[in-house]
Amino acid sequence: MQRVSDLAGAIKEIGFACTGCGGCCTGDEEQSRVIISPDEIGEILEATAMGRNDIAAPYPEFIDANDGRRFTFAWCLRMKDERCIFLSPDKRCSIYQVRPWICRTYPFMLEGGELVISDCPGLGGDITEADARSLATALLKREEAEEREEQVIRKIFSESSIPAGETVVFDSQGMWSIHG
Ligand code: SF4
């Protein structure tokens, strides 16, 4: 696949080797926010036996409508004291096998099909061709999952009616009422 090869080539040239600093899992909540899809929430719930409310918080940028209606379009991993709740004291991800796409592909993302790179001390590190290719494949799968999620949310949003006074989250599984 040409796109995987091109992306893998770009990643190989940029270079990346995770230093394990935990920087992408800590810090200001706005900058370190990890958006998660319902599928990702489901996988984490299965792996941890935690409650949905323990791991996911509504994306905090709410849109105000009339009659006290408020809505937002995503969930985020919960943080505590500016750390992801799944970051262990020794800076390991305690849900590594089921970590979300954002974590799997950091510090890279695709925006409008273009490779975008976040700040990370691991940039410039040695990466094998196989690892660059697997990162490129993950980026494309993430893009596909995000596009699918967005399309379904658009449909659900256009067909839903938010009850007066309610605050809700829309995701690809429906409209969730929340309090506060
Ligand atoms: S899920 Fe794991 S990799 Fe992702 S922010 Fe939390 S600790 Fe870091």
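In what order do the three strands of the open sheet with antiparallel pairing stand? The order is 1-5-2. This is a predicted model, in which local features need pLDDT of at least 70, side-chain atom pairs count only at pLDDT 80 or more, and totals for chains, interfaces and linings use all residues. Residues are numbered from 1 along each chain as its sequence is written, and side-chain values use heavy atoms, leaving out hydrogens and water.

- Strand 1 (35–36) and strand 2 (56–58) stand at the edges. Each has a single partner strand, so one side of each is left without a neighbour in the sheet.
- Two strands pair if DSSP finds at least two bridges between them.
- Strand 2 and strand 5 (residues 75–77) run antiparallel and are joined by three bridges.
- Ala 56 stands opposite Leu 77 in strand 5.

- Another open sheet has four strands in the order 3-4-10-11, with mixed pairing.
- Strand 3 (63–64) and strand 11 (174–178) are at its edges. Each has a single partner strand, so one side of each lacks a neighbour in the sheet.
- Five bridges pair strand 10 (residues 167–171) with strand 11 in the antiparallel sense.
- In this pair, Val 169 stands opposite Trp 176.
- Helix 6 (residues 129–159) lies across strand 4 (70–72), strand 10 and strand 11. Helix 6 runs at about 135 degrees to strand 10. Such angles run from 0 to 180 degrees between N-to-C directions, with axes fitted to C-alpha atoms, for helices over the stretch in contact.

**Around the ligand**
- Ten residues form the shell, and by class they are nonpolar, with no polar and no charged residues. Nonpolar here covers Ala, Val, Leu, Ile, Met, Phe, Trp, Tyr, Cys and Pro; Asp, Glu, Lys and Arg count as charged, and the others, Gly among them, as polar.
- The residues around the ligand (a heavy atom within 4 Å) include Cys 25, Leu 77, Phe 86 and Cys 103.
- Cys 25 is partly exposed, at 24% relative accessibility. Cys 103 is partly exposed as well, at 30%. Buried means under 20% relative accessible area, exposed over 50%, and partly exposed in between (1.4 Å probe, protein chains only).
- The structure holds zero disulfides (pairs of cysteine sulfur atoms within 2.5 Å).

**Ser 32**
- Ser 32 lies in helix 2 (residues 29–32).
- Ser 32 is buried, with a relative accessible area of 10%.
- Leaving aside neighbours within four places in sequence, Ser 32 is in contact (heavy atoms within 4.5 Å) with Cys 24, Thr 26, Gly 27 and Met 79.

Key. Helices (H or I, at least four residues) and strands (E, at least two) are DSSP runs, numbered from the N terminus.
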